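Reader: I have a few questions about how the labels in this model were assigned. Could you take me through them one at a time?

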Amino acid sequence: MDCYLCLDIGGSKYIVGLIDRAGNVLAEKRGVWPVLSERCVLEQTLTAARALIAETGKTPLACGITIPGLADPQNGMWVEASFSGIRNFPICQEVEKALGIPTFCDNDGQAYALAEMLFGACRDVKDFLYVNVSNGIGGSVVMGGKLQYGASGNAGEIGHSVVVENGRRCKCGLNGCLEMHAAGPGIARNYAEMGGETPADAKEIARRAREGEKIAQDVWQLEGELLAKNIAVAINVLNPAKVVLGGGVSLAFDLFGPPLKQAIHERIYRAANPDLEVLPTPLGYLAGLYGAAAIAVSRTEHLFS
């Protein structure tokens, strides 16, 4: 069965894997960035990719890459990630030159939506919203079974809508972006500002909340409420059948999911969205890897176009 090389590039980590057409993960390697730069991304992902190909003896049909930030999938460019210094990086050309296989990329939010359609919760859903919450916040819109890219290819940037007036300064140039208040670093900062005694990342704050720490639980209550403000607006505009939450922060859906659903319920036109479902991705931590596979599959098989 054909397999695909998958490069899931995150803001702080990466996963490189081989996935077959049925969605089976054949092999994977994970790592963290010592620094997020063009050179580092290429060196570490290519080293991992070559090792996987050698270890498995598989020859990938194509390569898919998820991009954190703005992407130009038609030209294989990583256009920008506001939290890094990477700009206008021809990543597909570099990987294709190094490995000799067709290589495709897309914004991670768009990729995750493709993954839901091929491998996840939206195989039979034509209209849905995907929200990715990790070190940043992105998203994607599928209407009529097709990804919606918008006028300049950047639809779905829900993380850069203002959620807190006069809030934290974002590198995109705005103040109070959802990304600054509800992505991983923002969650850690909320915890500190709300009185958390020792610094902690989102994963640790989730652990403390599950063990009963009140401040940690309040942080996740706030998380659900913040996300709901922007998601509810998108629901009223788009009328999706489902809203799927992904990214590393979605692994704490048991903590922020109830307040998220409640706040959405209070903010949407309920009669217009009677059967709306809000859920975490069933693809879990590997959603990005499946997203990269979905990019490669959809481009080589000309799906969803």
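Author: Gladly! Let me begin with glutamate 193, which counts as exposed because its relative accessibility is 54% and the label applies over 50%. Keep in mind that this is a predicted model.

Reader: What makes the contact between glutamate 193 and arginine 168 a salt bridge?

Author: Their side chains come to 3.0 Å, N to O, and the cut-off is within 4 Å, so the pair qualifies. This pair links distant parts of the chain, with glutamate 193 in helix α5 and arginine 168 in the loop between β11 (146-147) and α4 (178-182), 25 residues apart.

Reader: Why is arginine 168 called buried?

Author: Its relative accessibility is 8%, and buried means under 20%, so arginine 168 gets that label.

Reader: Which salt bridge does arginine 189 form with its side chain?

Author: Arginine 189 meets glutamate 193, at 3.2 Å from N to O. Both residues lie in helix α5, four residues apart, about one turn of the helix. Arginine 189 has 42% relative accessibility and therefore counts as partly exposed, as this value falls between the 20% and 50% limits. There is also a network in which salt bridges that share partners join Glu204, Arg207, Arg208 and Glu211.

Reader: How do you know that the buried residues of α6 line one face of the helix?

Author: The buried residues of helix α6 (residues 202-210) are Ala202, Ile205, Ala206, Arg208 and Ala209. Viewed down the axis of α6, they fall within an arc of 165 degrees, so they line one face. Their cover includes α5 (184-193), α7 (214-238) and α8 (253-267). After α6 comes glycine 212, with a positive phi near 105 degrees.

Technical notes: Residues numbered from 1 in each chain as written. Predicted model: local features only at pLDDT ≥ 70, side-chain atom pairs only at ≥ 80, totals over all residues. Heavy atoms only, no water. Buried < 20%, exposed > 50% of the residue type's maximum accessible area, 1.4 Å probe, protein only. Helix = DSSP H or I, 4+ residues; strand = E, 2+ residues; numbered from the N terminus. Arc of directions from axis to C-beta. Contact = heavy atoms within 4.5 Å.
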